[in-house]
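User: I am new to this structure and would like to go through it step by step. Could you show it to me first, and then take my questions in turn?

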Amino acid sequence: MSNTIKVDQHIDVLDGVRTFAVGLVVWFHFWQQSWLTPRLPLPSSITDITRYFGVTGINLEGFVRYGFLFVDLLILLSAFCNFYPYARSILLGEPWPDIKRFYFKRAARILPSYYLSLLVMLAVKAGEGNLALDPFFLKDFFTHITCISPFFPDTYLSSNFNGVLWTVQVEVLYYILMPWLAKLFRRVPVLTCGALWGCGLFSANYILYRHEEMIRVLGNHFATFAGCYANGMLLCMLYISLKRNVIENKYTCMAATLAVFACLFYLSRMMKTLSAGELQIVQLAQRFELSLVFSCFLLALPFAWKGIRFLFANRLMFFGAAISYNLYLWHQYIAVKCKEYRIPFWEGTLPPNQSGDTVWMWKYQLLILLLSFAAAVLLTYCFEKPVAKFLLKKKKNCITP
């Protein structure tokens, strides 16, 4: 029993990691529309010293330009969080999670907001007079409500709906598989992880080297994320094992802190050296390597110095994690629609970001940021959480004698 109490049910720093990852993905999508790049030169009085270390300014361009890579961190984080109860059962002897309850909790949490976004986008499209009830629309709608649109090139690339929804659909498919993957892992962990790694590596390299022309269609396919899920499952086992068997002291804290900084440094260097090729090629080619770096970061962070942990486990980060799902669902759609409707207003045929109108770019960036956060807060606390609470309560009452 003492071992069970020692290992936290909830790992608070992971809320901050979720906020951090979603924030970078949001920033990337905003950058695609505004072209505002975070480069800030330092004053000469400072660079006279820092230039000897190769630092002449603050440049976060790599993290923004390649912010889409942090979708992979969200996938890894999801794998960790969803497998964590199963890992606790395997290592701590806790009851095995009920499959029906797992499915219902995931559905209550994810699907209402997802389906609401589909309905709102349909209503907007109908209001614009752009809704054509043709065979493609019917296929597009059906594949989105069943979460299988990434399996079809036309519904993935030319959908009537928000482009970020493919990520939710990949997650839903893995939610369906998770209880069964967990059972396989409990029986044959090496074979299960090996099969998932093999699936991810083979599918990624097959696409890269044999069907590069299909990269936009297949790059974010369900199979290419299999390795991320294997790493997430292993992370759970490693974390619990370390919590149970390693005495935490200043030396383990120092080692974990150094590991965190090493991962961040590696990511920073990677972002600076990535080629400016097609985004999907960059993402797919780096997927397994990034998954390993992200895994090391997630494993070290809970054991790091408390000052580092506080950066990821504070009220602001907890709030960001709470609204992160709706922020993720809506930010790109809001950004695209504002620009499409010329809000803030602009004249001519050339978008202001392409003509270098920095005043408009800043106004636009601040506007879509405020609107996205407002929508996320409103939908989270007035729709997502009340609906999930209602559904879970109703489910509980239905099974109560």
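User: Which residue forms a salt bridge with K337?

Analyst: This is a predicted model, and what follows should be read with that in mind. In it, the closest N and O atoms of the pair are 2.8 Å apart, which lies within the 4 Å cut-off for a salt bridge. The pair links distant parts of the chain, with K337 placed in helix α16 (residues 315-340) and its partner in the loop between α6 (99-127) and α7 (135-145), 209 residues apart. The partner of K337 is E128.

User: Is K337 buried or exposed?

Analyst: Buried means under 20% relative accessible area. K337 has a relative accessibility of 16%, whereas E128 has 26% and therefore counts as partly exposed. K337 is thus classed as buried.

User: How far apart are the closest N and O atoms of E248 and K243?

Analyst: These two residues form a salt bridge, one of the 7 that the structure holds. E248 is partly exposed, with a relative accessible area of 42%, while K243 counts as buried at 10% relative accessibility. The closest N and O atoms of E248 and K243 are separated by 3.1 Å.

User: What is the relative accessible area of R88?

Analyst: R88 forms a salt bridge with E94, and the closest N and O atoms of the two are 2.8 Å apart. E94 is buried, with a relative accessible area of 17%. R88 is buried as well, and its relative accessible area is 1%.

User: Which residues touch the most other members of the largest nonpolar core?

Analyst: The largest nonpolar core has 108 residues. Its largest share, 13 residues, comes from helix α5 (residues 71-92), and a second, separate core of 5 residues includes A204, L208, I215 and L284. Within the largest core, the residues that touch the most other members are F70, F83 and L298.

User: Which residues does L298 touch, not counting those up to four places away in sequence?

Analyst: L298 is one of the residues with the most contacts to other members of the largest core. Leaving aside residues up to four places away in sequence, L298 touches L14, V17, L73, L76, L77 and L235.

User: How many residues of helix α2 are buried?

Analyst: Helix α2 (residues 13-34) reaches 31 Å from its first C-alpha to its last, close to the 32 Å expected at 1.5 Å a residue. Just after α2, W35 takes a positive phi of about 65°. The helix is mostly covered, and of its 22 residues the number buried is 17.

User: What is the accessible area of the nonpolar patch formed by W362, L366, L369 and F373?

Analyst: The patch lies on the surface, and L369, one of its members, is in helix α18 (residues 358-399). At 33% relative accessibility, L369 counts as partly exposed. Together, the four residues W362, L366, L369 and F373 have an accessible area of about 390 Å².

User: What distance separates the C-alpha atoms of K393 and R186?

Analyst: K393 is placed in helix α18 and counts as exposed at 58% relative accessibility. K393 and R186 are 207 residues apart along the chain, and their C-alpha atoms are separated by 31 Å.

Conventions: Residues numbered from 1 in each chain as written. Predicted model: local features only at pLDDT ≥ 70, side-chain atom pairs only at ≥ 80, totals over all residues. Heavy atoms only, no water. Patch = residues over 30% accessible without salt bridge, like charges linked within 9 Å, V, L, I, M, F, W, Y side chains within 5 Å. Areas by Shrake-Rupley, 256 points an atom, 1.4 Å probe, with all protein chains shown as cover. Salt bridge = Lys/Arg side-chain N within 4 Å of Asp/Glu carboxyl O. Helix = DSSP H or I, 4+ residues; strand = E, 2+ residues; numbered from the N terminus. Buried < 20%, exposed > 50% of the residue type's maximum accessible area, 1.4 Å probe, protein only. Core = buried A, V, L, I, M, F, W, Y, C linked by side-chain atoms within 4.5 Å. Contact = heavy atoms within 4.5 Å. Expected span 1.5 Å × (residues − 1).
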